[in-house]
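The following explanation is intended for a reader who meets this structure for the first time.

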Amino acid sequence: MKKPGKGIISIGEIIIFTLLLLYVIIFIAYPMLIVVFESFHDPKTQALSINNYIKFFSDTYYYQCLINSVIAAILTILVTTLLGIPLAYILARYRLAGKTLYTALSLLPILLPPYVGAFAFIILFGKMGIINLLLMQIGLIKQPIDFLYGLHGLVFVESIHLLPFIVLTTAAGMTQIDPSFEEVAEVAGASGLRRTLTITLPLITPQYASGAFLVFSYVLGDWLTPLILGQKYYLASVAFLNIAYHFADIERKYMGIIAAVLASLLSVASLMAVRTYVERKSYAALSKGTTAEGRVIPIKGIKKVAAYLYVFFTMILVLLSPIIIAIAAFSRRWILTPFPEYYTFENIRMLFIELPSYIQNTLIFSAIALLMALPIALGTGYVLARTNISGKNVLDGIMTSVLAIPGIMMGIGYLIGFDYPLPFINESLSRVWLIMPLVLTARRLPYMTRTTHASFLQLEKSLEEAAFVSGASKLRTFFNITLPLILKGVFAGMLLFLVMAIQEISATIFLYRPGWETLPIGIYLQWNRGTEFGVPAAAAFILIIFTLILLIIFSKTGQRVLGGAFAAV
Amino acid sequence: MSMRQEFVKLVKVVKTFKKVTAVAGVSLSVNKGELVTLLGPSGCGKTTTLRLIAGLEIPDSGEIYIDDLLVSAPEKGIFVPPHKRGIGMVFQNYAVWPHMTVFDNIAYGLKIQRLSKDEISRRVKEVLELIGLSGLEDRYPTQLSGGQQQRVALARALITRPQLLLLDEPLSNLDAKLRERMRFEIRSLVKNLGLTAIYVTHDQAEALVISDRIVVMNHGKIEQIGKPEEVYKNPANRFVADFIGVANFIPVTVKKIAENFQGIVVTEDGSVIRCTVSSRLKENNKAYLLIRPEDIVLYKDSPPGENTLQVKVVHRVYLGNINYYWLNYNDLEFRVQTSPDFEVNEGERIFAFLKPDKAIALPE
């Protein structure tokens with residue numbers, strides 16, 4: 001057995017590691033811990049105490065928020081599982097015409113900004129939405145049906161949005177299963193459904209667990225969707241409202257901090273549980289591997305029709321929101337009528353003439369964040385995959401924990417943690433615009449570090465060793481051999497980072513100051529101000545276009561890297 | 001410089017990975033111009049030993065010298081990184097860089113040495129001719145067959161004119177025919193260039209064909225070092241005998257040791273066998289009698305006297321030029337090779353004569 005040799009640790013590697021460690025401590029660990037620390041302060045006396053927690057749990061209003069959040073998160077896991085597993089199975093096992101397109105589209109919801117779905121479903125399923133108005137027009141119902149406003153609506157909107165987490169992770173899992181596992185079951189007499197239930201699904205539980213965690217943690221940290229759907233009794237929403245709007249009421253502010261801390265704790269705990277589970281139950285080692293496509297099962301007749309119908313059904317669910325937003329972006333007076341009264345470029349024009357800074361800010365902040373994240377991701381990938389430095393697990397642990405930390409927690413952390421004047425500039429970091437790209441970097445970093453790290457791991461080590469023995473130093477080998485060979489994976493990670501950075505709002509909403517509004521913040525403000533829906537829709541439409549452009553480039557450079565980004569959390 | 005000068009020397013080298021000891025105190029000398037094979041089953045530490053010599057692994061303790069220069073000595077804080085050891089190495093999976101042409105792959109080491117463009121292309125051309133790849137300079141590795149990639153890897157290892165060539169199972173990914181041809185090619189290349197080479201393989205036939213000397217390894221330790229015929233005919237112990245060639249073992253007790261290691265052993269059922277006795281055995285020791293399939297003569301009846309065992313035919317395989325028999329002796333299975341003319345039926349009781357000059361009693 002050949003074991004990977006890590007070689008001797010050079011001074012350069014120690015410097016890189018130290019810098020990375022400093023980064024994660026200052027910009028990830030410290031802001032999170034300062035919030036936790038803050039939550040143990042008495043609002044009035046500032047003395048250390050657990051009174052805040054006692055108060056939180058004894059107040060039925062706040063306590064109920066915790067219960068609601070957990071229930072919504074679990075229900076969303078349930079719905080995404082029921083919807084997603086069949087889709088993943090169809091995409092992984094059957095060779096349907098247009099499979100690549102469906103696979104790409106099934107990814108779309110999570111890449112689109114979260115409020116796109118909520119806005120679109122209000123237009124479609126709202127009290128005065130298309131469906132209700134149509135039903136009333138043809139006289140089927142007298143009163144509008146409440147499709148959306150309540151737990152059921154929240155779970156519905158979240159489920160469509162988070163479906164890709166389940167589909168992507170489980171489909172990747174199914175593709176990786178050694179075909180002989182299923183074939184053996186069939187030879188033994190278990191076919192069809194029985195084989196799927198007894199062999200396929202149990203084998204992909206590790207990947208499914210990663211996907212389910214991502215869904216769970218997203219719902220826990222989502223403040224925006226409940227608010228758009230008119231609900232505020234959820235942990236993240238209450239945290240947002242209390243801190244952003246009631247910061248003067250010191251007691252409410254502290255209850256908000258507690259809510260954010262609790263959402264984070266639940267999320268981090270579930271991440272740790274899933275990681276432990278995945279490590280214990282990793283079946284990959286048993287398998288001898290398979291082709292890139294994995295096992296393909298031929299189907300025909302009614303089964304084939306059913307497979308197509310199901311895929312089309314989910315594709316409609318996925319495409320519904322971007323299409324509706326696109327219509328809304330080019331129309332006015334879409335109120336109380338099933339379809340817009342007239343179509344116009346007015347919304348887009350307003351956006352470009354009056355609010356160009358939204359677009360500018362989004363692009364500039366995201367680009368700066370990308371430039372900062374790139375060396376961090378490359379360095380982290382290198383340190384984790386190619387060195388033996390003790391303490392690299394700490395680096396990995398803190399970086400991974402970002403996946404579980406709700407944006408709201410990070411926003412609060414940066415707000416509280418960097419509110420002290422810096423030397424030389426005599427200004428606190430939270431008042432300098434650089435805070436925006438900094439928080440974007442930290443929050444979206446995992447998408448890039450994970451793809452980069454995966455690329456390093458996939459790179460055959462002997463390719464680098466061959467350069468060493470040819471006389472190349474470590475540094476020279478990195479630039480001549482390693483970097484060119486992992487470039488594709490790094491590039492894919494950069495695109496994914498950008499897609500996720502331009503839609504970020506949860507953390508930045510706490511930090512922006514007048515003039516720093518990004519497109520997502522602009523959309524939220526416009527919506528909150530109650531201006532005509534066309535303008536926020538137009539802003540969302542622009543974001544969708546950005547995302548689609550990045551997605552097209554992405555699909556050309558290698559989708560397979562994506563498995564590494566989400567799977568095996 | 002004499003021909004027998006030590007070129008590579010390992011002194012009590014130890015390497016552990018987490019809790020697994022991969023190399024457990026290996027000492028070894030390789031002479032200048034010698035082709036030495038590290039042979040053993042997977043996990044025996046042979047590849048790790050090679051990588052320690054290359055500097056791709058750092059030993060936990062011990063010393064490694066290349067050309068009288070101390071290159072690894074953790075106790076003294078000495079470690080020369082691989083790119084400063086002046087070696088050439090061929091990897092099991094070839095490790096040909098997919099983003100570079102054949103020319104760029106081979107020229108890489110020379111570019112690092114900052115040679116002139118003319119000099120580089122002259123030497124690449126030279127080595128391509130030597131290795132039989134002329135005309136493929138502009139191809140990318142994906143456009144090459146496995147055998148051609150293997151040659152590129154070899155050319156890349158030779159281009160810097162290293163004194164020491166390290167080969168890590170270089171032929172294991174080739175098909176059987178090509179593998180046999182490449183054995184000879186590699187050997188003659190190494191000899192013609194006057195290189196010192198260390199060659200790792202798990203294939204005993206390959207080791208017998210290619211090596212000046214074979215180092216048989218197991219569990220991170222050296223079991224025997226010797227010329228191919230030595231390790232085959234005079235294995236140090238049961239493991240070596242079993243690993244190289246096909247071996248039958250019969251548990252025996254040493255009864256008498258005479259001059260020149262000739263002696264007498266007794267099987268469990270009292271049969272007396274004359275054989276060579278390992279120097280590591282004493283009288284009354286328990287031992288294993290090694291007898292190779294080609295060193296047994298079968299008789300249908302009339303036992304010719306001593307060194308004969310009564311056996312039962314279990315199974316026969318006809319291989320064209322030979323007959324191969326599986327025999328049962330006291331619930332012990334052993335294999336015998338006979339001429340195709342010798343035919344007995346399965347289930348028959350016959351007699352096996354063990355050639356006294358070929359049978360060896362070995363310690364465990």
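**From the chain to a residue**

Among contacts in chain B between residues at least 6 apart in sequence, 65% join residues at least 24 apart; two residues are in contact if their C-beta atoms, placed from the backbone, lie within 7 Å. The model is predicted, so local features need pLDDT of at least 70 and side-chain atom pairs count only at pLDDT 80 or more, while totals for chains, interfaces and linings use all residues. Residues are numbered from 1 along each chain as its sequence is written, and chains are lettered from A and ligands numbered from 1 in the order in which they are written.

Chain B contains eight helices and 21 strands; these are DSSP runs, numbered from the N terminus, with helices (H or I) of at least four residues and strands (E) of at least two. Its C-alpha trace spans about 80 × 50 × 40 Å along the principal axes. Of the 364 residues in chain B, 41% are buried, that is, with 20 or more other C-beta atoms within 10 Å of their own, placed from the backbone.

Helix 5 of chain B covers residues 176-192. Its buried residues are Met182(B), Arg183(B), Ile186(B) and Val190(B), and they pack against strand 3 (35-39), strand 8 (164-168), strand 9 (196-201) and helix 6 (204-210) of chain B. Just after helix 5, Gly194(B) takes a positive phi of about 65 degrees.

Val30(B) lies in strand 2 (residues 20-31) of chain B. Val30(B) is buried because 22 other C-beta atoms lie within 10 Å. Leaving aside residues up to four places away in sequence, Val30(B) touches Phe7(B), Val8(B), Val36(B), Thr196(B) and Ile198(B).

Terms used:
A residue is buried if 20 or more other C-beta atoms lie within 10 Å of its own, exposed if 12 or fewer, and partly exposed in between; C-beta atoms are placed from the backbone. The expected span of a helix is 1.5 Å times one less than its number of residues.
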